Amino acid sequence: MSTPLRLGIAGLGTVGIGVVKIIQSHADLLTLRAGRPITISAVSARSRRDRGIDLDGYAWEDDPVALAKRDDVDVFVELMGGSDGPAKAATEAAIAAGKDVVTANKAMLALHGNELAQSAEDAGRAIRFEAAVAGGIPVVKALTEGLAGNEIKRVIGVMNGTCNYILTRMETSGLPYDDIFAEANDLGYLEADPTLDVGGIDAGHKLSLLSSIAFGTRVAFDDVELQGIERISIDDIRHAADMGFKIKLLGVAQMTGRGLEQRMTPCLVPATSPLGQLDGGTNMVVLEGDSVGQIVLRGAGAGEGPTASAVMGDVIDLARGIRISTFGQPAASLQPAPAAKATAAAPYYLRVVLQDKPGALAKVATVLSNSGVSIDRMRQYGHADTTAPVLIVTHKTTQDALDHAISGFAETGVVVGEPVAIRIENV
Ligand code: HSE
């Protein structure tokens, strides 16, 4: 029998338990595919409570750093989470002790990935993180392996299932954000710190990691333009639908002449597009390469089975002796990412509430015209009082021109409240 690959698993939450279950239930299959058995030497977690699976055969460590350094551990599997603290300390300890690392920790890699990747390479070890991005979807593998022969043009995606669940439920129920947020909370969908989800941070972490692989740049999470879904109103979801769109928390990364553009913001996408049809807690990543064209990957972005599946893909690679650089090329060769100063021009959805009196619409149209913003489509709604909501879909325009128009609206004397502007991505 060939030498087993021995794991030390830190973190026995949903994903850790999923990994243990796969190793216990698929031992023969894993041995055949990896060419050697995959075993667990030791585990570590915050408490020793009963988790409904048999952990008796594994040594227990209270301290994940001690686990990471054990002589009987070849691969340190970090499933604790948290950008710093024990997860980072144990990952660093594992690398220093000559172990490979498999992690699901997007926050740690988004903030410290450049340094960790360099340390791992200096030590001749690998850090693999398929489970950190879009759960069970093998998007890191797609970029680093299947599409390695392409110049990547664009990465687009819905990478936070909780936000997609909330936006989908708002649409289907007609209920406002606060009600559906409470529902998602009751269902246990939200991270311990919900702003990681609804503030777009978790998805921004993921996008920054994919950007690095796609464009050969150092991870630059601080340059990701972030905007969450907290201010998306049920009115906009309904009106966007009337105009043929869905609202998604959409990640877009592309290298432009102005630098690397990385955005994780609410956008409108055509309702008939694959992204527009993505309902509930599912993730979707669209990759565009110069040779392959566009490919669409869709699947569960979280949960025990899907995320453990991604962890095991990385573990099996290591068992096979495959060690790909963390971000697909040597860490030292990753270039600093010049951040794009302004986003590429795009069409926008505008919702403006007007006083319902003669000339109001003409004034708004004049402001748009004076700002160089061209109207593609427009719809005015019936009204119960003295105001009238007007929806405008613009032709492609710059953020500067749009900002100019929005500040111009305030001077017309006919616009009520704050106009809403949401970018449209034609994907
Ligand atoms: N909370 C994330 C989501 C999963 O809802 O997609 C972990 O990144």
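I began at the ligand and found a polar side-chain atom of Lys106 at 2.8 Å from one of its oxygen atoms. For Thr162, I noted a polar side-chain atom 2.5 Å from an oxygen atom of the ligand. For Glu191, a polar side-chain atom lies 2.6 Å from a ligand nitrogen atom. A polar contact here is a pair of N or O atoms within 3.5 Å; within protein, one must be able to donate a hydrogen and the other to accept it, and residues adjacent in sequence count only if both atoms are side-chain atoms.

A note on the model: it is predicted, so I kept to pLDDT of at least 70 for local features and 80 or more for side-chain atom pairs, while totals for chains, interfaces and linings use all residues. Residues are numbered from 1 along each chain as its sequence is written, and side-chain values use heavy atoms, with hydrogens and water left out.

I listed its surroundings as Lys106, Asn160, Gly161, Thr162, Glu191, Asp197, Asp202, Lys206 and Ala302, counting a residue if one of its heavy atoms lies within 4 Å.

On a 1 Å grid over the protein atoms alone, a cavity is a set of points where a 1.4 Å probe fits but cannot get out, and a pocket is an open set with protein on both sides within 12 Å along at least five of seven lines; lining residues have an atom within 4 Å of a point. Volume is the space filled by probe spheres set on the points, which are joined across faces, edges and corners.

The largest pocket has a volume of about 1,500 Å³. I found 49 residues in its lining, with Val15, Leu79, Met80, Gly81 and Glu191 nearest the centre. Where does this pocket lie? It sits between domain 1 (5–132) and domain 2 (146–300 + 335–340), because both give residues to its lining; the bounds come from an automatic or database domain assignment. Among the helices that each supply at least two lining residues are helix 1 (14–25) and helix 5 (106–122) (DSSP runs: H or I, at least four residues, for helices; E, at least two, for strands).

The second largest pocket has a volume of about 670 Å³. Of its 27 lining residues, I noted Gln227, Arg231, Gln399, Ala421 and Ile422 as the closest to its centre. Strand 10 (259–270), helix 14 (399–409) and strand 16 (415–423) each give two or more residues to this lining, and strand 16 gives the most, with six. Domain 2 and domain 3 (348–424) each contribute at least three residues to it.

The largest cavity holds about 80 Å³ of space. Its lining is Leu167, Thr168, Glu171, Ile237, Phe245, Lys246, Ile247, Lys248 and Asp279. Strand 9 brings the largest share, four residues.
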